[in-house]
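Hi everyone, thanks for coming. Please bring up the model on your screens, and we'll walk through it together.

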Number of protein chains: 2
Amino acid sequence: MFDIFLRKLRSHSMLTTEDQRLLASLPHQMRRLSPNDYILREGDQATQCPILLSGIAFRQKHVADGGRQIVSVKLPGDPLDFQSLYLATADHSLQALTAVDLAVLPLAALEQLVAARSNIARSVLVDILVEASIGREWQLNIGRRNALERLAHFLCEFDYRMRLTVRGLDEAIEIPMTQEQLADLLGLTPVHINRTVKTLVERGALSRHGRRVRIADIACLHRIAGFSPRYLHSGAGG
Amino acid sequence: MFDIFLRKLRSHSMLTTEDQRLLASLPHQMRRLSPNDYILREGDQATQCPILLSGIAFRQKHVADGGRQIVSVKLPGDPLDFQSLYLATADHSLQALTAVDLAVLPLAALEQLVAARSNIARSVLVDILVEASIGREWQLNIGRRNALERLAHFLCEFDYRMRLTVRGLDEAIEIPMTQEQLADLLGLTPVHINRTVKTLVERGALSRHGRRVRIADIACLHRIAGFSPRYLHSGAGG
DNA sequence: CGATGTGTTGAGCAAAATCAATGGGTGTGG
DNA sequence: CCACACCCATTGATTTTGCTCAACACATCG
């Protein structure tokens with residue numbers, strides 16, 4: 001059940017069998033949330049560390065006048081809040097995008113394990129650093145690419161990261177976000193996302209199945225976005 | 001000489017006198033670089049950790065067609081590459097913006113100290129996390145604020161962070177970036193930055209002294225930007 | 001004193017936002 | 001099983017923000 005979490009850590013860090021056994025035997029509690037449920041709110045003092053076992057979640061921040069920016073998307077296997085091991089108050093909110101299954105670990109237990117096993121400490125750190133690297137790529141994406149490239153780039157990353165941890169994804173990946181969420185992700189408006197999706201469908205990069213949209217031609221998306229996965233640091237060992 | 005570095009770490013983490021003594025007695029080499037000199041290039045394998053003692057540096061990333069985005073600005077006292085303790089290859093470049101003085105530490109020595117002193121390990125982590133938090137705020141800034149708010153917000157952060165570590169800043173802070181650099185920082189064009197600066201001067205938030213621009217009314221900037229420093233996590237202790 | 005890099009300004013343009021209306025699924029409750 | 005409500009997607013018309021292009025000014029430095 002923790003398998004997907006261990007697979008995520010192993011995608012960037014070396015862990016011994018013993019490390020993995022210790023991680024898998026951490027005390028925890030299972031929780032299922034519905035779309036849009038909050039996992040953590042800005043200003044909260046977390047005492048637990050949720051791990052995302054299935055479904056998708058995201059981090060978001062707001063500006064005074066109500067606009068929001070989704071600053072990170074978390075996929076199955078991703079730890080959701082290693083940050084609270086070290087920072088007292090949350091600087092952003094964390095919310096479920098789809099229905100999600102979480103394994104919730106007490107911070108204290110995780111802290112002990114991190115103190116005892118340097119491999120695990122390192123994997124926590126690398127996970128934090130990879131997320132920061134993704135954030136920088138998003139800065140570049142939002143700041144310097146036009147709408148078409150921006151959407152294409154995000155979808156390349158989504159596809160790449162999904163295939164890193166989720167098993168049995170031979171077929172085309174379906175995009176689970178609403179167009180409004182994509183807009184908040186990319187610093188655009190929903191209307192413009194709608195038109196940009198349409199263009200990507202016309203170019204054959206995406207395909208429609210009723211209201212659902214799938215990635216039809218990942219190579220085409222890569223070409224449009226100028227995608228290169230270096231920033232994801234996914235060669236095991238960091 | 002390391003004082004400013006220790007002050008930076010103490011701005012977010014608790015360090016004992018002994019921790020500070022150990023940090024200050026790390027082996028190191030002084031280096032002075034000129035504006036635009038590279039400190040680290042994307043793809044490099046770092047073996048040293050530079051600490052910025054004076055001057056300003058920045059991280060940047062490029063898109064295929066030549067556009068660049070400055071994804072982080074580093075101020076006196078900031079460690080420049082803790083990341084290389086844990087990740088093999090750099091995912092961005094690091095460059096001097098002004099003339100800079102660096103203390104360059106061998107990674108191995110720093111690694112040993114981090115392994116030996118949990119306080120220091122924690123301060124390294126918190127420093128990494130605070131930078132990530134700043135990155136998220138920049139995502140929000142670039143994605144959801146207009147040019148005026150965006151520039152104002154960046155300048156608020158610049159002022160705030162400068163006062164955190166640099167001594168003797170009673171007077172108004174001067175903006176050391178060219179308008180082109182500000183453009184690459186904020187996802188705008190130099191021409192538009194020029195007009196936006198003009199507006200901030202008209203509103204009394206900035207003042208001109210020849211070609212130099214200073215922050216004249218920080219409260220006014222705060223108002224325009226809707227600035228709140230929570231994301232900087234600068235209460236000592238994280 | 002000329003070269004260069006940076007700042008400034010104007011005119012026109014393009015990308016994306018805004019406003020507004022419509023349509024289509026889905027799910028719920030009568 | 002149908003009707004309604006709601007959310008989301010879609011489309012068109014119009015406006016706005018910021019970009020592009022181009023010329024020029026000014027300061028600094030060799």
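Let's begin with a term: two strands pair if DSSP finds at least two bridges between them. Strands themselves (E, at least two residues) and helices (H or I, at least four) are DSSP runs, numbered from the N terminus.

A word on what you are looking at. This is a predicted model, where local features need pLDDT of at least 70 and side-chain atom pairs count only at pLDDT 80 or more, while totals for chains, interfaces and linings use all residues. Residues are numbered from 1 along each chain as its sequence is written, chains are lettered from A and ligands numbered from 1 in the order in which they are written, and side-chain values use heavy atoms, leaving out hydrogens and water.

Now find the sheet in chain A. It is open, with three strands in the order β1-β7-β3 and antiparallel pairing. At the edges sit β1 (29-33) and β3 (48-54) of chain A, each pairing on one side only. On average, neighbouring strands here are turned by 30° against each other, direction ignored; axes are lines fitted to C-alpha atoms, for helices over the stretch in contact, and angles run from 0 to 180 degrees between N-to-C directions.

How many bridges join β1(A) to β7(A)? Five, and β7 of chain A covers residues 100-106. Take A:M30: its bridge partner in β7(A) is A:A103. Across β3 and β7 of chain A lies helix α3 (residues 107-116), at about 70° to β7(A); contact here means heavy atoms within 4.5 Å.

Next, the aromatic rings. Rings of Phe, Tyr and Trp (its six-membered ring) pair if their centres lie within 6.5 Å; planes under 30 degrees apart are stacked, over 60 edge-to-face, and the rest tilted. Over all chains there are 10 such pairs. In one of them, the ring centres of B:W138 and B:F154 are 5.8 Å apart with planes at 85°, so this pair is edge-to-face. It links distant parts of the chain, 16 residues apart: B:W138 is in helix α4 (residues 118-144) and B:F154 in helix α5 (residues 147-165) of chain B.

B:F154 also pairs with B:F158, this time stacked, at 6.1 Å centre to centre and 25° between the planes. Both lie in helix α5 of chain B, four residues apart, about one turn of the helix.
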